[in-house]
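Take a look at the structure below. We will start with its aromatic rings and then turn to a pair of helices.

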Amino acid sequence: MGRRRRRAMTSDQARHVRQAGHNDELRFAHLIGLSGVYTGDTKGKTDVIDRNGDAHSVKSGNLKWQIFLYRRSRIEADPDFGYMDGIGEILINCIDAFPEIRDDYVENKPFYKSRLQPHMRALRNKLADRGILSEFFDKAMFNAGEVEYLTVLQNDQFHVFYRQDVLRVLSAQISVENSKARNPNLSRPLT
């Protein structure tokens with residue numbers, strides 16, 4: 001039996017997911033006593049700031065999470081990436097392995113995937129260090145301390161987790177591995 005291909009979300013589907021997330025944030029804000037219309041930071045990690053001034057990142061427990069989507073310029077400009085033993089440089093190398101134009105990638109995926117492989121191996125090797133893995137999760141999920149709580153809506157209940165507990169558990173329980181699947185066409189030259 002073959003592998004199922006993951007289909008990309010349409011713009012309408014992505015908008016629906018984004019709006020559902022904003023609705024969850026607003027619901028949580030109201031539950032903790034914030035009144036009126038609450039608008040979180042749509043570009044940052046902070047979704048809700050409670051009455052104590054603590055920031056929460058609100059996630060749904062029912063969907064996959066996108067926790068890390070940074071442009072090359074953000075990685076270059078953000079000093080936090082400089083403190084993670086070369087992670088920033090490896091991430092830039094991963095980005096640079098792809099062409100500027102998506103159609104070029106689609107026309108020759110095997111070539112570009114082969115360009116990405118050494119950088120993904122280097123990233124995996126760095127993230128094998130539990131301390132660096134914890135720093136990476138801290139940056140990806142909490143913007144290195146901008147957010148203090150991960151708040152997850154699961155089965156119509158909000159569960160609040162302290163940032164340090166999340167980082168301790170994730171860095172202890174997750175191991176980063178590269179895919180073992182290989183495509184025989186990966187060495188095909190660019191046409």
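Buried means under 20% relative accessible area, exposed over 50%, and partly exposed in between (1.4 Å probe, protein chains only). Tyr 70 is buried, with a relative accessible area of 13%. Phe 81 is buried too, at 3%.

This is a predicted model: local features need pLDDT of at least 70, side-chain atom pairs count only at pLDDT 80 or more, and totals for chains, interfaces and linings use all residues. Residues are numbered from 1 along each chain as its sequence is written, and side-chain values use heavy atoms, leaving out hydrogens and water.

Rings of Phe, Tyr and Trp (its six-membered ring) pair if their centres lie within 6.5 Å; planes under 30 degrees apart count as stacked, over 60 as edge-to-face and the rest as tilted. The whole structure holds nine aromatic pairs. Phe 68, Tyr 70, Phe 81 and Phe 136 form one aromatic cluster. Arg 74 lies over the face of Tyr 70, at 4.1 Å from the ring centre; the cut-offs are CZ of Arg or NZ of Lys within 6 Å of the centre and within 35 degrees of the ring normal.

Now the helices, which are DSSP runs (H or I, at least four residues) numbered from the N terminus. The axes of α3 and α5 (residues 109-127) come within 9 Å and cross at roughly 160°. Axes are lines fitted to C-alpha atoms over the stretch in contact, with angles from 0 to 180 degrees between N-to-C directions.

Note on methods: Helix = DSSP H or I, 4+ residues; strand = E, 2+ residues; numbered from the N terminus.
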